[in-house]
Amino acid sequence: MPRFKLTIEYVGTRYRGWQVQKNARTVAGELQLAVRSVAGREPGELYGSGRTDAGVHALQQVAHLDLETRMPPAQLLWRLNEELPPDINVLALEPAARRFHARHAAVARSYLYQIARRRTALGKPFVWWVKDALDAAAMARAARRFEGLHDFQSFTDQDPEEASTRVRVTSVEVREEGALLLVRIVGSHFLWKMVRRMVGVLAEVGRGALDDKDVAGLLEKRSESVAPLTAPPSGLFLERVLYEGDAGPGPLRAVLPL
């Protein structure tokens, strides 16, 4: 059965995340419905590079699709987008080797989080508005504590699909752009809620409630204090999924400048 590589963008506001769930609308579920409508059959397999939580967006999610079809890729791409709701769009669809696996072949992922420093009407679905003044320099210093191989057990909830809570974080970048604070986190993979809790902790550093030594302490031993700091999903974007030979995620820029 032919395998295709899909690159997908979506606004996650209306969906209960990526993964198909019973009695819940999800991004993968909408894609399955579109494939069924276009091809007249169920896909052999539709597998994403990773699960995004409810309300989380994607600039370039990657999935592989197994589908028996005589349609050329360009036609299949066009027809899928005709069937999909307007907040999900397939950016690219190309033939892939049978050994390609969207999740297991990925070597890194990058996530972007947008913190708004002012109230916004148009940007509300894509930011977390923090009313307190934030010290961006202090956040940038604390962010470096996350880099390297660490045990992120304090930054996730129990997930039966994850055998280990150890994750290698390649880089954490904090940058100001207009009324936004942008946080980009690049790593080998990410645990459930991990990125949102990292951002929540960095926001506490920005407020002055924590410092970089506190961040180091949270990585050294299990703490229940992190969970209440979880940043909301609205500001989070799966930015890029990187495979062998891919360049990095590129310059850090806002999705919606403020």
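A helix axis is a line fitted to C-alpha atoms over the stretch in contact, and the angle between two axes runs from 0 to 180 degrees between their N-to-C directions. The model discussed here is predicted.

**Helix packing**

- The axis of α1 and that of helix α2 (residues 73-83) come within 9 Å and cross at roughly 120°.
- This angle makes α1 oblique to α2, because angles of 65 to 115 degrees count as roughly perpendicular and those over 145 as roughly antiparallel.
- The handedness of the crossing between α1 and α2 is right-handed.

**The largest pocket**

- The largest pocket holds about 550 Å³ of space.
- A total of 30 residues line the largest pocket, and those nearest its centre are S49, G50, R51, T52 and F190.
- At least two lining residues of the largest pocket come from each of β2 (45-48), β5 (106-116), α4 and β10 (236-243).
- Sorted by class, the lining of the largest pocket comprises 15 nonpolar, seven polar and eight charged residues.

**The second largest pocket**

- The volume of the second largest pocket is about 290 Å³.
- This second largest pocket is lined by 13 residues, with R16, Q21, D53, A54 and W192 closest to its centre.
- Its lining, that of the second largest pocket, consists of three nonpolar, four polar and six charged residues.

**Residues with positive phi**

- N23 lies in the loop between β1 (3-10) and α1 (27-39).
- The phi angle of N23 is near 60°, which is a positive value in a residue other than glycine.
- Is N23 buried or exposed? N23 has a relative accessible area of 86%, so N23 counts as exposed, the cut-off being over 50%.
- K193 is located in the loop between β9 (180-187) and α4 (194-207).
- Although K193 is not a glycine, its phi is positive, at about 70°.
- K193 has a relative accessibility of 23%, so K193 counts as partly exposed, a class that lies between the limits of 20% and 50%.

Methods:
Residues numbered from 1 in each chain as written. Predicted model: local features only at pLDDT ≥ 70, side-chain atom pairs only at ≥ 80, totals over all residues. Heavy atoms only, no water. Helix = DSSP H or I, 4+ residues; strand = E, 2+ residues; numbered from the N terminus. Buried < 20%, exposed > 50% of the residue type's maximum accessible area, 1.4 Å probe, protein only. 1 Å grid on protein atoms, 1.4 Å probe; cavity = no way out; pocket = protein on both sides within 12 Å on 5 of 7 lines; lining within 4 Å. Points joined across faces, edges and corners; volume = space filled by probe spheres on them. Nonpolar A, V, L, I, M, F, W, Y, C, P; charged D, E, K, R; others polar. Parallel < 35°, antiparallel > 145°, perpendicular 65-115°, else oblique. Left-handed = near helix turned anticlockwise from the far one by under 90°.
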